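Subject: A structure to look through, with notes

Hello,

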Amino acid sequence: MKRVAIIGAGTMGHGIAQVAAVAGFGTRLTDADTEALPRALERVRTNLAGGVGRGKISQDAADAAIERLQIADTVAEAVRDADLVIEAVVEDLSVKQALFAEIEPLIAEDTVLATNTSSLSIAGIAESARVPHRVVGMHFFNPVHIMKLVEVVTHDAADPAVVERVRDAATRMGKDPIVVRDSPGFASSRLGIALGLEAMRMVEEGVASPEDIDKALELGYGHPMGPLKVSDLVGLDVRLRIAEYLHRTLDAPHFAPPEILRRMVEANTLGKKTGKGFYPWQTKESS
């Protein structure tokens, strides 16, 4: 693979574009909201500058990555000649299906279609594709330029060779991929949501403060970040949608969203992206 297209320039999309460009892929990034594109590019520049300052990447490598990252005004322009297309749009099955249906006539037969969904059925997304065997999950984690894990999600119709190509691409991007079967929540979201929802219930019940609940997992179990801080970074609205989906599809009571989560989402208290969640945050993207 030489060329990667990323559809969606939000929190996940700009991060995926960054790691792809740093890895040496010719990278194009697009978004339905064209005003999001210069913001995404600025976030990538900020992240890379921070990496240079911390000695994680050389200035020459950062400059080369920016050169490889192109902004595309349309989906057609973005996917032209792409070997791998990664969608990072809203977590909505019908939106993702419509996007892949739009993309397929524009790409070559051997172009791989990957979805960054954190919980939706890969097989369900692939149903909209004319060639479903080339559709796989490629679930990155936020912040993409720091987190090492990528879940490569396979399904019954997926071509094993395509799965292997995606694993190789993730490895080239500096990630440590795991392969999981298509099931609600995959591995990471199912575990992470269960832990996050229980931590929210503990806040709701007054068991301890968010800081102390997170510290219990960080210091007691060696987690690098507690479940409430992770939820703030992911976005509480995203966590609510995933919890509702898992509760509905798995019919498991421990995935029922707690009232504190519903109230916070209704109040637009969504975590880092709105400046406040279980923690106060600066709204400006950090490196």
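Are Arg 130 and Glu 109 buried or exposed? Both Arg 130 and Glu 109 are exposed, where exposed means a relative accessible area over 50%, buried means under 20%, and partly exposed lies in between, with a 1.4 Å probe and protein chains only.

Before going further, please keep in mind that this is a predicted model, in which local features need pLDDT of at least 70 and side-chain atom pairs count only at pLDDT 80 or more, while totals for chains, interfaces and linings use all residues. Residues are numbered from 1 along each chain as its sequence is written, and side-chain values use heavy atoms, with hydrogens and water left out.

**Salt bridges**

The structure holds 10 salt bridges, a salt bridge being a side-chain nitrogen of Lys or Arg within 4 Å of a carboxyl oxygen of Asp or Glu. One of them joins the side chains of Arg 130 and Glu 109, with 3.2 Å from N to O. This pair links distant parts of the chain, 21 residues apart, since Arg 130 is in the loop between helix H6 (122-126) and strand E6 (135-139), whereas Glu 109 is in the loop between helix H5 (93-103) and E5. The labels come from DSSP runs numbered from the N terminus, with helices (H or I) of at least four residues and strands (E) of at least two.

A salt bridge also forms between Arg 201 and Glu 198, whose closest N and O atoms are 3.3 Å apart. These two residues are separated by about one helical turn, because they are 3 residues apart in helix H8 (residues 188-204). Arg 201 counts as buried at 16% relative accessibility, while Glu 198, at 40%, counts as partly exposed.

In another salt bridge, the side chains of Lys 273 and Asp 237 meet at 2.9 Å, N to O. Lys 273 lies in the segment after helix H12 (259-266) and Asp 237 in helix H11 (residues 236-250), so the pair ties together parts that are 36 residues apart in sequence. Here Lys 273 is partly exposed at 44% relative accessibility, and Asp 237 is buried, with a relative accessible area of 15%. Salt bridges that share partners also join Glu 87, Glu 91 and Lys 96 into one network.

**The sheet**

An open sheet of 8 strands has the order E3-E2-E1-E4-E5-E6-E7-E8, and its pairing is mixed; two strands pair if DSSP finds at least two bridges between them. Strand E3 (69-71) and strand E8 (176-181) stand at the edges with a single partner strand each, so one side of each has no neighbour in the sheet. From one strand to the next, the twist averages 25°.

Strand E4 (residues 84-87) runs parallel to strand E5 (residues 112-115), and 4 bridges join them; within this pairing, Val 85 has Leu 113 as its bridge partner, and Glu 87 stands opposite Thr 115. Strand E1 (residues 3-7) also pairs with E4 in the parallel sense, over 4 bridges, and there Ile 6 stands opposite Ile 86. Both faces of E4 are covered, with Leu 84 and Ile 86 buried on one side and Val 85 and Glu 87 buried on the other.

Arg 28 lies in strand E2 (residues 26-30). Which side chain of opposite charge is nearest to Arg 28, and how far away is it? That side chain is Asp 81, 4.9 Å away, and Arg 28 is buried yet has no salt bridge; in this count Lys and Arg are positive and Asp and Glu negative, with His and the chain ends not counted. The side chain of Arg 28 does make a polar contact of 3.5 Å with that of Gln 70, where a polar contact is a pair of N or O atoms within 3.5 Å, one able to donate a hydrogen and the other to accept it within protein, and residues adjacent in sequence count only if both atoms are side-chain atoms.

Arg 172, in helix H7 (residues 160-172), is partly exposed, with a relative accessible area of 41%. The side chain of Arg 172 reaches the backbone oxygen of Met 1 at 2.6 Å.

Best wishes

Methods. Axes fitted to C-alpha atoms, helices over the stretch in contact; angles between N-to-C directions.
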